[in-house]
Structure formats: structure tokens, C-alpha cells
Amino acid sequence: MLYYSVKRLLMLIPVLLGMTLIVFGIIHAIPGNPALTILGTKATPEAIHSLNKSLGLDNPWYVQYFSYLKDILSGNLGTSIQTNSPISSEIWPHLAATIELSFVAMIIAVFVGINAGIISAWKQNSFLDYTAMILALIGVSMPVFWLGLLEQWGFSIKLQWLPSIGRDDIRNSVNPITNLYLIDTLLQGRFDQFWMVIRHLILPAIALATIPTAIIARMTRSSMLEVLKSDYIRTAKAKGQRMIWIVYKYALKNAFIPILTVIGLQTGLLLGGAILTETIFGWPGVGLYIYNAIQYRDYPVIQSGILVIAFIFVMVNFIVDLLYGLFDPRIKYR
Amino acid sequence: MSQATQAKPEQYIVKDKSPMIMAINDFWKAFRKNKPAIAGSIIVAFFVLLAIFANFITPQGINDQNIGIRLQPPSAAHWFGTDDFGRDIFSRIIFGARLSLRVGFLAVIGSIIVGTFLGVIAGYFGKFLDVLISRAFDILLAFPSILLSIAIVAILGPSLNNALVAIAIVNVPVFGRLVRSRVLTVKEEEYVVAARSIGMGDMRIIFHHVLPNSFAPIIVQGTLNIATAILDAAGLGFLGMGAQAPLPEWGKMLSDSREYIQNAPWTVLFPGLAIVLVVVGFNLIGDGLRDALDPRMKN
Amino acid sequence: MSEPLLQVENLKKYYPIKSGGFGKVSETVRAVDGVSFSVQEGETLGIVGESGCGKSTTGRMIMRLIEPTEGKIVFNGKNLMDLSKGEMRKARKDIQMIFQDPFASLNPRHTVGHIIEEPMIVHKMGDRKQRQKRVEELLELVGLSAYHAGRYPHQFSGGQRQRIGIARALAVRPKVIIADEPVSALDVSVQSQVLNLLKDLQKQFNLTYIFIAHDLSVVRHISDRVGVMYLGKIVELSESENLYNHPNHPYTKALLSAVPVPDPEVKTQRIILQGDVPSPAHPPAGCTFHDRCPVAMDICSKERPHLKKLDDGRMVSCHLFH
């Protein structure tokens, strides 16, 4: 197990290096001089030249790449052009906001998706099954941003049940400790604020969870259908165990591997979908951070934002890989 | 056995059905029974017809502005209402079908061509090139696809065509991996070894023996990816990284009208419905094709 | 004896086994380990052995379908190993192959006519009309009919398919045909028909065959000389009748004792070999057969015997004859 983990970890290195190379390449492929972008069009040639020099932009590309790599390894993600502050400190609150949102969305997706899939498989070809599968089909075909807009229209504008923007109320903002507001409010014993944070989370989390929910439901259904037909389920049934017990205990355990895979893959979709969801709901996460950076052509922020998200995605899949062994003893780690 | 065939040859000269035609027949039989897939085909055909005949169908020009009738609710004159410039939303959505279908088809065709090329090189020639290409695929797939498209559009500049290119690039590794694994399988088939043994060159083997036997999964994946390509293009349009005004691209229409959602929800409702419907159509066809062509791909 | 048409010298194929994920070569599988033989024009050389002994690999290496690790393949005075990839492709016009599995070796999407025509297209022989005429001739030649050209492989029986494979091999008028277990996938009743066809064709076109099989009785029927392979090496090579009537190597004896004899009156003593064929990754030291040999001596586990010519022209690789 340890050997396998180390081996998998070592195999990550080329992927991570390749990622930095791509992100680095993207910024360098962008037309126009970064110094000019930073200084504005009125800059004097001398000023541009000296900034070029101080940024190391007069070096050949590989020298620049290695110094970029060195920066990243030492935790330096560059400086935002817009705010002129280091990105590594600026990005953390955004990252926390995205993690909180994605985490809640994933919980919704797993809970709703798995249960819908199980019930669909159990009551195969029933009205319930058809309804669930049609909803799942619409779910995978749904543009996240449109769903978000509809939610805002229905629940915020028309019904006025839930807030449509941000993580907290402007006049009652949360005092950040970890920047994970659900935890922060609990740590401070502010249960009123905890409730407020939850109310803010509901709409964006549902929007973000839609596609993963639909995919997990479809996947669960098909793997459950296979499992339910197997001999040991028939044996359990013959022994007179209650169906609901059989389904959840035996079958779920065996259907978990494919589901786990989907969860790993969906994290990428979730993190990608975050940029759209966060834009609509004014959720101050990495997605919105990148979106705003695009509007300002703040390339260092775009670069680092993309890198951070891709890094998280890779790590989640790494963990999912290791988790396989916990759910399927047949997988031997060599 | 050779004696048995000594009968008058003439009466046996029947042009036999090729396995291709038989496969198509079998496929059609399976596909026809799949009602959802038929529904999907009808939806997609409907949108394709709309796109082709957009000029004849649309009641108004897509860019006919009339501030006097801005943000009007659906009516007999304007089925889907009007937007903030007083343009007819129904007409714009029909023309938008053109843009979305074009992006979907071209992006996927582009990524199939490039992905097939790279996948064949990796799978057939192997060794160093395989390692290089497969690693590159791994790395590209490590990025969430919409983020990578955004980054590519950031390089190329925001426009619908650049969004198309970005989506195509992002999809290349999907097809590349698929083709590579098919090539690895087919390459070991004995008829490919036989083809080499008669002195056949690599190119001829690839085009006459390997690719024709790798076709089914590419078609399935391609159909499903048209759906995601349309979604991604709309997403990019929504973020201002795709189609630019005044193009009637559905995602762009949504982002333009979101500020009017309170008073004129129809401006947001209909473009979104159009996206959902066409994407549902492609997903249904894709699922149906998978069941009919390649039962092993079912999950 | 005249100059042989095809001569194979010290042919080897080693497969490295990588383990540990760091590209380290930990073991080598010696699939073929120094095989040498020569074939005269118009002759049939049989190669027999159990599955996994390297006989098919040897056959494929002669055409360089599998790239040999080492060795020389001299055909018509030219070393095929010196040829570039493109030149080798052209050289395959003279050496063709018939495959074991008549179901897998024909592309299911192509018509029989196209399958037979394809080698001629590849080697740019004749125009379309001439090629099609030749396809019809070839079909008749192998006992099928001209009108079969428009059909697809799945419409034929196994024996008929193997005839199609033979027609394909003959299309470019080769000098040598390597037949890799051409009848082992066929029903016994069909086997002899195909074997007889191969014999007839050999007479008609002065073909040279390398006939690979695991079944000694099949090889006996068609071969002039026979080589017996064990664990990547030839252990005995001699005239067919000689080999069958007076086998020398203990392994050959064991193999022959397993061949059923049609006469129930004849009592044969079955020699049962102990153990399994060792892994080619870990061949026993000395003679690779010593751990299963019923007559092994001390020297056998220490020194490796070499293929040696006996007085009567037979070649044996065994310490008993050294």
C-alpha cells in the first residue's frame, strides 16, 4: 500500500511539471508585451525596458520557465497586476470559498445521485425510475449558468426565500478565521451567521451539483442493476433478508468502485463549473477571481488560478485512486 | 467442399451484402427499437432544419432593432418576446441554432481528426512517440476542460471561432486516447499481421485495416461530445469569451439579458430552453448509438 | 548440395521484462535462442515443437514481422537483416505466409477478391483487369470458384477460408511460403485436403515451404526434413523418414511416442515426460531439457550441448551423441 502510494505519487511528477509548462506557455503565447499591459499604453520605452529586465522577460524562455518553476516550488505564485499584492496570499480566501461550495455541492450530488440511482435500479422500469432518469438526462444537458439564473429568478426574485449573491450579508459579514465560513461561524459560536451562510450556499450549491448528481445517478443505476442480478443478492433474498437492507448493505458496497471513479472525474467538472456558478452568484471563489482577472487582463492571476485548480483536480484523483483499495479488497497494491 | 461448388456458377452470382451493410442493418434494427434515441434524432433533425432554413422561417431580421418595442412579453407577433433592443427573440434563437450546431459539429470533427492522427501515431508506432503523446494527453486531461478553453481563448482572443478552436483542442485527448486504445487492439489482430506479411506499408495498413475497424466507438463518443461542445460554447459565450455582440449565440444572449431577468424573464428562459433541448437531443442519440453499436461501452 | 535458397544463422529473439516501473530490465525471456537451419529450393522444412517453444516466432522473424534480436537470414544470397524497412517490405514479395487462424487472418470487412488482390496492389503488379483475372485464376487454383470473389470471409467454412489465405499468399508468386500451423485450426477431415493442396501447389510452382506445426503426424506428411524445437532451440534436425523411424534426441523420442499409431496391434512404449516446460525466462542451466530428460547425465546440468552433425547427416543437440 505504501509502496503503491509512493509510486503513484512519483508518477504525478511529470503530469504536474507538464501542467506548469502548459500554464507557463499559455501566458507566454498571449500576444502583447506583459510590461506594456502592466504599465499601460502611455509607458515610456525606458520604463518598459527596465520592467522587462526586472521581470526577467529578456531571458530565453527556458530560463524564465525554470525561475517560474522555482517560484512556484517556493510558494510564490506571482503578483496580481490589478491589486499589486502577492497572489499566494490573495488566493487563499477565494480557494476556501470554492472548496466550501464544491464540497457542499459534492455532498448533495453524492447523496441525491446515489439514492436516486439505487431507487431507479431497485424499481426498474417503474414510473419512479423513468422520472429519475429523465431528470438525470435533463441534468446532464443543463447549462449550469442558465439553471443558476432560473434559481435566482424563482427563489430570490419571485419568492424572496433565499439570497442570490455572495457568501454572506454585507451588513453582517463573517469574521474569517479559516475562511471556510461554515467552520468559522461555528468556531465563533455565531449560529445566526451559520444559518445565514447556509442560506447563501443553497442556490449555488444546487446549481453546481446538478450535472454531477445526474451523472452519479445514471452510473449508480447501471452498476446497481448489474449487482442486483448477481447470485449473492439472490441468495440474500432467498434467505429472507429485507430488500432495503440487501440493497443498501450488499449492493452498494460493490457498486461503489465505479461510483468512486465518477466522483473523481466529476471533481474536475465541479471545479470547472465553479467559474460559471461563481460568476452568476457573485460567489467570491477562485472561479470569480479568474473571471475578474480575465476582465482586467490580469495574466498572473489567470495563470496561477488555473494552475491551483488543476493541481487540486489532480490531487483529488490521486486520493480517489488510493481509496479504491479501501472499497475493493480485490485490488492489490503492488 | 470444393466439389459442392461445382454447380453452375451463374446462378450463384448474387451480389452478396457486405458486412458493412449488414452491420448497418443490424444497427438500424437495434437503434429503431430505442425510442429515446429516435426522439433524440427527431429533436436534432428539427434543429438542423431550423438552422438550414433559418432565412425562410424567421419572421424578423435578427438584428432589427426597435427600441419602441423593447422587452415585450411573448405575443402573436413575437412568439418568444423581444429583448432589450427590441429584437425578436424567436428569430434570434433560430439563427442561434446555426451557430451552436456549427460549433458543435466543427469542434468535434476537428478534434476527431487531430485526435485520430495523434492516437494512431501513439498506438501504431509506439515507443517514444507513444510515451510523449500519452503523457501530453494525461496533462491536458488534468485540466478541467472549461478552464483550459478559457485559457486558450485568452491567448487567441475572444470570438466564437476561437471558442470553437479552444473546444476542439480540449477534446483532442478524449479522441486521441480512444483511438490509441482501439489501434492497440486492432494492431494485434491477425489480419493486420497478415497485411504486414504481404509487404503492405504502414499507411495502407492504417487506412485500410486499422481505422475502418476503429470507427464505432469514435462515432459514439463524437455524438456525446457534440452535446458537451455546445454546452461549453454557450458557457464561453456567457462569460464573454465566445461569441461577441451582436451574434445571436444562445450563451451570449443569456448573459446579455440576465440583468432584465426580473422584469423580462422570457429573455432568459427561451435561449436556455433551446440549449437544453438540443443538448438533450445529442445525448439521447449518443446513448442510443452506444447501445446499438458498442454494447461493451455501456456503463 | 547446391547453395540453399534460405539460410538462417543463429537467430535470436530476447524479450526484456521490465519491472519496478522504472524501466529496469530485470529478466530476459529467450523466446528463440540461436536457431540455425537452411532450406533448399523446392524443399519443405518442417518445424515442430510444443506451444511456446519459439517456432512461430522463428517463422515470423524470417519475414521480420518480429524483429530478431540477433542473427542472419540469408535469402538468395542476400542478408535480409541488412535491408531497410522499405526494402524488406519489397522483399516480402518473395516470402509469403499462411496463418494458423483462418478466421482472424482475413479482414472481415473486405471481399475475398479484394483480400487476394491486395498483395498485388501493394507490389504494383499488373493493372486492375489483369489483377482481377489473376484473382479468378487463383481462386480456381486453390479449389474455390471465380464467383467467390464477391463474397466475404464470414460466408466460408474454415477450410475454404484457409484456401483463401493460400490464394492470397500465392498471389505475388513467392518463392518461399512460411506456413504457420496452417491446418491446426481445421477439422481433421479438412486437414488432409488442405495439406494435399499445398503439396500439389508446391509441385506446380516449385515452391519452398517452411512448415510450422505442433503435430508431428501433420509434419511428417509434408516435410522433406524436420527440425524439432524445445525452449527456443533446435534439438534435432534430420530427414523426415529418418527422424520418425530413428529419433535420436530423448525429447524427439518422447514426442514421437505420443503420436497415436493407426495400427492397434503395434504396441508403443509411451514416454511420459516429468514436469512442465520451464519458463523461457529461467531456462535450466546446461542442457535446457536435462530436468525432464529420462536419460540425463551429470554433464547435462553443467554443459550446454550444441547442434552437432552425426555421420549420417543428422543433427542432434545432446550429450549422448558427443
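**Close-up views of a predicted three-chain model**

**View 1. Surroundings of B:A163.** Apart from neighbours within four places in sequence, B:A163 is in contact with B:V103, B:S149, B:V153, B:A233, B:L236, B:M241 and B:G242 (contact: C-beta atoms, placed from the backbone, within 7 Å). This is a predicted model, in which local features need pLDDT of at least 70 and side-chain atom pairs count only at pLDDT 80 or more, while totals for chains, interfaces and linings use all residues. Residues are numbered from 1 along each chain as its sequence is written, and chains are lettered from A and ligands numbered from 1 in the order in which they are written.

**View 2. Chain B against chain A.** This contact takes 32 residues from chain B and 38 residues from chain A. On the chain B side, two or more residues each come from α5 (127–141), α6 (145–156), α10 (215–238) and α12 (266–293) (helices are DSSP runs of H or I, at least four residues, numbered from the N terminus). α12(B) gives the most to this side, with 7 residues.

**View 3. Chain B against chain C.** Here 26 residues of chain B and 34 residues of chain C take part. The elements of chain B that give two or more residues to this side are α1 (19–33), α8 (190–197) and α9 (202–210). α8(B) gives the most, with 6 residues.

**View 4. Helices α5 and α12 of chain A.** α5 (residues 87–122) and α12 (residues 286–295) of chain A pack at an angle of about 130°, with axes 7 Å apart; axes are lines fitted to C-alpha atoms over the stretch in contact, and angles run from 0 to 180 degrees between N-to-C directions. A:I91, A:H94, A:L95 and A:T98 in α5(A) meet A:V286, A:G287 and A:Y289 in α12(A).

Notes:
Two residues are in contact if their C-beta atoms, placed from the backbone, lie within 7 Å.
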